[in-house]
Amino acid sequence: MSSTDPTPLTLAGRFNYYSSTYLGAVSRFYARVHRRLYNRFGGTRFATLFGDPVFELTVPGRKSGEPRPVMLMLVRSGDDLLVCGSNGGNHGVPNWWKNLLATDKAQVRIGRDIFAVTHRVVTDPAEYEAHWRTLSATYPHFDTYRALSPRTFPIAVLTRA
């Protein structure tokens with residue numbers, strides 16, 4: 001990040017970046033515990049991360065076909081949800097993103113509400129930037145990930161099926 005870049009790096013964003021990049025096993029363990037607690041309480045507790053709302057996305061594994069749930073930041077765009085394959089700024093694309101691209105079946109859980117969704121990958125640059133502004137306004141740590149990572153993070157729009 002250059003000294004003229006106006007994007008401030010958040011402490012939580014730096015922590016997540018460091019954890020996903022250098023402490024992968026710890027990050028995965030925490031994510032599994034968080035998801036299990038979220039489900040244990042029927043989506044009514046553990047529905048935030050650093051005070052920001054989260055939801056559960058479940059897609060079948062691209063190789064196993066087994067359900068692969070993951071907790072993601074809850075970012076709404078009208079009636080749709082936006083998901084970003086940031087992986088905490090890690091240089092690699094997250095497995096849940098690869099699984100999402102390999103299927104047309106996905107399910108979302110927001111609190112007690114569970115529903116099927118379809119997805120569409122954002123490819124238009126203008127639409128991408130508009131959705132990026134929505135993502136970073138809802139969860140400012142995305143800007144920190146973007147500043148620390150060399151890759152462009154993919155964005156998808158999830159629509160209730």
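Predicted model: local features only at pLDDT ≥ 70, side-chain atom pairs only at ≥ 80, totals over all residues.
In what order do the elements of the protein run from the N terminus on?

View 1. Counted from the N terminus, the elements follow the order α-α-β-β-β-β-β-α-β-β-α-α-β. In total, the secondary structure consists of 5 helices and 8 strands. The protein is as compact as a globular protein of its length, because its radius of gyration of 15 Å is close to the 15 Å given by the globule rule for 161 residues.

**View 2. Extent and packing of the chain.** Along the principal axes, the C-alpha atoms occupy a box of roughly 45 × 35 × 30 Å. Buried residues make up 43% of the 161 in the protein. Among contacts with a separation of 6 or more, 63% come from residues 24 or more positions apart.

View 3. The accessible surface amounts to about 9,000 Å². Carbon and sulfur atoms hold 54% of that surface.

**View 4. Asp-124 in its loop.** Is Asp-124 buried, partly exposed or exposed? Its relative accessible area is 38%, so Asp-124 counts as partly exposed, since that class lies between under 20% for buried and over 50% for exposed.

**View 5. Asp-124 and Ser-19.** In sequence, Asp-124 and Ser-19 are separated by 105 residues. In space, the distance between Asp-124 and Ser-19 is 31 Å, taken from C-alpha to C-alpha.

Conventions:
Residues numbered from 1 in each chain as written. Heavy atoms only, no water. Helix = DSSP H or I, 4+ residues; strand = E, 2+ residues; numbered from the N terminus. Rg over C-alpha atoms; globule rule 2.2 N^0.38 Å. Buried < 20%, exposed > 50% of the residue type's maximum accessible area, 1.4 Å probe, protein only. Contact = heavy atoms within 4.5 Å. Areas by Shrake-Rupley, 256 points an atom, 1.4 Å probe, with all protein chains shown as cover.
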